[in-house]
There are 2 protein chains.
Amino acid sequence: MTWTVTTAHLDALEIGAGILGTGGGGNPYLGKLIARKFVAEGAEIAIVEPDDVPDDAVVASVGGMGSPTVSIERLRRADESVNALRALERHIGRRVTHLVPSEIGGSNSTTPMVVAAQVGLPVIDGDGMGRAFPELQMETFAMYGVTPTPAALCNHHGHIVVFDNIDDATTLERYARAVTIQMGGSAGYAFPVMTGAQLRASVIPGTLSLAVRLGEQVLAARRAKTDPIEAICAVTGGRRLFAGKVLDVERRMTGGFARGVVMLEGFGDRLGQSVRIDFQNENLIARDGDGTVLALMPDLICLVDSDTGAPLTTEVLRYGLRATAIGIPAPAELRTEVGLRYVGPAAFGYDDVEYRPLPGSYANRDGSA
Amino acid sequence: MTWTVTTAHLDALEIGAGILGTGGGGNPYLGKLIARKFVAEGAEIAIVEPDDVPDDAVVASVGGMGSPTVSIERLRRADESVNALRALERHIGRRVTHLVPSEIGGSNSTTPMVVAAQVGLPVIDGDGMGRAFPELQMETFAMYGVTPTPAALCNHHGHIVVFDNIDDATTLERYARAVTIQMGGSAGYAFPVMTGAQLRASVIPGTLSLAVRLGEQVLAARRAKTDPIEAICAVTGGRRLFAGKVLDVERRMTGGFARGVVMLEGFGDRLGQSVRIDFQNENLIARDGDGTVLALMPDLICLVDSDTGAPLTTEVLRYGLRATAIGIPAPAELRTEVGLRYVGPAAFGYDDVEYRPLPGSYANRDGSA
């Protein structure tokens with residue numbers, strides 16, 4: 001099914017992508033505002049399913065790289081990723097035919113919309129993470145055989161950096177991260193380039209419509225005054241891990257990332273209980289007061305406002321907020337051996353923690369929840 | 001005059017470029033060995049004067065970027081700068097017609113020879129520094145109006161990074177340095193691209209033949225058992241600043257540079273006297289025991305072996321070496337207002353030190369020595 005993005009879709013996407021951003025991924029609100037403006041002015045953004053993309057299509061992912069903390073302080077111009085796309089096209093000597101989000105969580109869900117509205121290309125219903133992750137090599141495209149370069153970066157000054165002949169995405173991540181930091185902590189990117197066939201072999205399908213549906217259900221619960229947490233769990237296949245209030249947030253910027261810890265403490269029935277969540281842009285691991293692991297990457301640990309279901313990104317967390325931590329099973333593509341090598345606990349420095357999958361499945365996909 | 005490089009020229013260039021490297025610039029020995037091999041195998045490297053380059057020539061500078069300390073530990077493959085040149089050509093869609101050294105001091109004197117031998121292009125007798133400097137924006141090309149990008153980097157794995165649309169060389173330096181550090185501290189580059197007319201407006205002419213002549217005179221003095229220091233001063237317009245032995249060397253790698261201090265102490269007549277030289281890859285400032293400045297950038301502070309005139313780079317300095325510090329007036333192009341902005345004391349963080357030019361002129365060029 002091909003559909004066209006409406007402003008209502010964008011409002012829902014902002015919420016759904018925020019939740020799937022697991023605390024990071026950048027704030028989708030700013031991108032939504034820009035995409036809304038383009039759509040209100042008549043831009044048509046077509047969403048197509050991976051199965052409808054021709055085998056010989058030229059698909060590229062576009063998005064933003066950097067620290068979410070920077071991107072909400074220094075607003076993007078909206079043409080960074082467009083310029084990165086144009087630099088990439090110039091480098092390969094071909095025009096791109098389709099855009100695909102690299103990560104459906106956070107701002108990289110709306111950035112492809114902003115680009116699509118300007119360049120008139122369709123966006124694929126799917127992405128390379130099914131959530132948000134802090135580093136480039138954590139995309140399923142690279143995990144499942146797409147060469148990460150050529151890749152292009154562009155910042156708000158129009159400075160262009162093109163990477164080529166780099167086989168592994170982890171090396172590209174190091175180079176591109178170093179440049180992004182020198183660019184002030186925020187840049188638009190276009191990469192990787194893949195055929196329609198490669199896309200189908202590596203994409204996590206249906207995540208754009210999942211994020212829209214998730215947002216729509218949260219909005220519906222608010223209108224119906226039913227429990228938005230319930231709605232989130234129903235759509236995503238997730239479960240409540242803990243509900244409490246924010247006791248403390250430690251945040252620091254290191255290596256271009258927002259790293260830190262958020263502490264939740266229980267109240268009412270849960271008085272005296274607590275949960276500690278470590279993050280590197282995104283929430284990585286949730287542990288209770290005894291150190292027992294409640295959930296860990298690549299499963300999604302989503303903090304939302306307990307009353308409204310609104311996503312709480314790490315940069316808006318503050319003392320006293322009433323927050324619910326929801327655990328959502330990671331997409332099957334991330335739970336494979338190759339997936340866990342790139343996005344399992346060891347990939348984030350938790351060498352001594354074994355991945356124990358949350359029960360159920362991402363968006364109830366195989367019905368085993 | 002156009003001339004062809006011989007192995008004897010390369011042996012002399014190694015010494016001359018080492019002296020003009022002012023302690024840094026990378027060791028020209030390794031590049032010389034590679035260039036010698038190509039010349040011995042029949043490669044012809046033509047050296048042409050800037051005045052003989054057509055106005056519409058496509059001139060590019062090629063060289064190596066990184067810390068000299070790294071480049072003597074991890075040897076270059078010899079194709080890094082060739083691959084950077086090819087990436088640059090591919091990006092601009094034109095073939096380069098002439099190569100120009102960016103810095104005649106140190107290894108970037110021989111790197112263009114190594115590239116020229118492989119790609120068959122002529123090398124221009126001149127460079128963008130007349131010595132060595134640690135950073136990209138310290139080239140006269142950028143100072144005198146050449147846009148620094150497009151620029152290309154390539155490392156020993158063949159990883160390519162192309163920079164474009166960056167107006168100022170200081171920004172390019174930041175980006176390229178960050179990538180070079182991620183590449184392990186050493187990379188080949190090709191940049192900037194300029195016309196023959198732009199070359200003539202920005203190059204320091206005649207420095208390749210100067211470096212060869214300097215090396216030849218040192219070798220001649222050794223053969224004749226005359227004073228090589230005298231020979232160096234005569235060719236370069238320099239003067240002895242101090243002769244002593246190396247008392248101590250402090251070296252550290254920070255931000256991709258070899259930074260530190262070398263202490264010389266006098267013996268014989270100069271017992272009790274000392275000189276302290278600060279370096280950032282290259283020697284920056286020489287001060288006596290009272291803190292009186294003897295010489296400072298952009299003037300050249302060259303440490304050579306007191307007996308042989310052999311250049312002493314910061315990475316080979318060690319306790320007990322008998323060393324002479326020679327001060328050479330900087331090329332006139334670096335002593336202008338724009339020159340001093342990029343390579344004067346303040347550009348190296350010495351905000352409180354005023355530049356007082358050494359008397360005389362670079363290579364006795366205007367005869368005022």
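What percentage of the 369 residues in chain A is buried? I got 62%. I noted at the outset that this is a predicted model.

**Overall fold**

I went through the secondary structure of chain A next. I found eleven helices and 17 strands. Then I looked up the extent of the C-alpha trace. Along its principal axes, chain A spans about 60 × 45 × 40 Å.

I turned to contacts in chain A with a separation of 6 or more. Residues 24 or more positions apart account for 73% of them.

**Surface and charge**

For charge, I have 33 positive and 43 negative side chains in chain A. The centres of these two sets lie 4 Å apart.

**Core**

Which residues touch the most other members of the largest nonpolar core? I found A:Leu85, A:Leu99 and B:Leu99, in a core of 114 residues. I followed up B:Leu99. Leaving out residues up to four places away in sequence, B:Leu99 touches a list that includes B:Ala60, B:Val62, B:Leu85 and B:Pro112. Also among its contacts are B:Val115, B:Val119, B:Leu121 and B:Ile124.

I also logged a second, separate core of 30 residues. Among its members are A:Phe163, A:Tyr175, B:Ile166 and B:Phe191.

I noted a cis peptide bond between A:Phe191 and A:Pro192, with omega about -15°. A:Pro192 sits in strand β9, residues 186-195 of chain A. I noted another cis bond, joining B:Met297 to B:Pro298, where omega is about 10°. B:Pro298 is in the loop between β15 (293-296) and β16 (300-305) of chain B.

Then I looked at positive phi values. A:Ala78 has phi near 95°. I placed A:Ala78 in the loop between α3 (68-71) and α4 (80-92) of chain A. Is A:Ala78 buried or exposed? Its relative accessible area is 17%, so A:Ala78 counts as buried, the cut-off being under 20%.

A:Asn364 has phi near 55°. I found A:Asn364 in the segment after α11 (337-343) of chain A. With 30% relative accessibility, A:Asn364 counts as partly exposed.

Notes: Residues numbered from 1 in each chain as written. Chains lettered and ligands numbered in written order. Predicted model: local features only at pLDDT ≥ 70, side-chain atom pairs only at ≥ 80, totals over all residues. Heavy atoms only, no water. Helix = DSSP H or I, 4+ residues; strand = E, 2+ residues; numbered from the N terminus. Buried < 20%, exposed > 50% of the residue type's maximum accessible area, 1.4 Å probe, protein only. Contact = heavy atoms within 4.5 Å. Lys, Arg positive; Asp, Glu negative; His and termini not counted. Charge placed at Lys NZ, Arg CZ, Asp CG, Glu CD. Core = buried A, V, L, I, M, F, W, Y, C linked by side-chain atoms within 4.5 Å.
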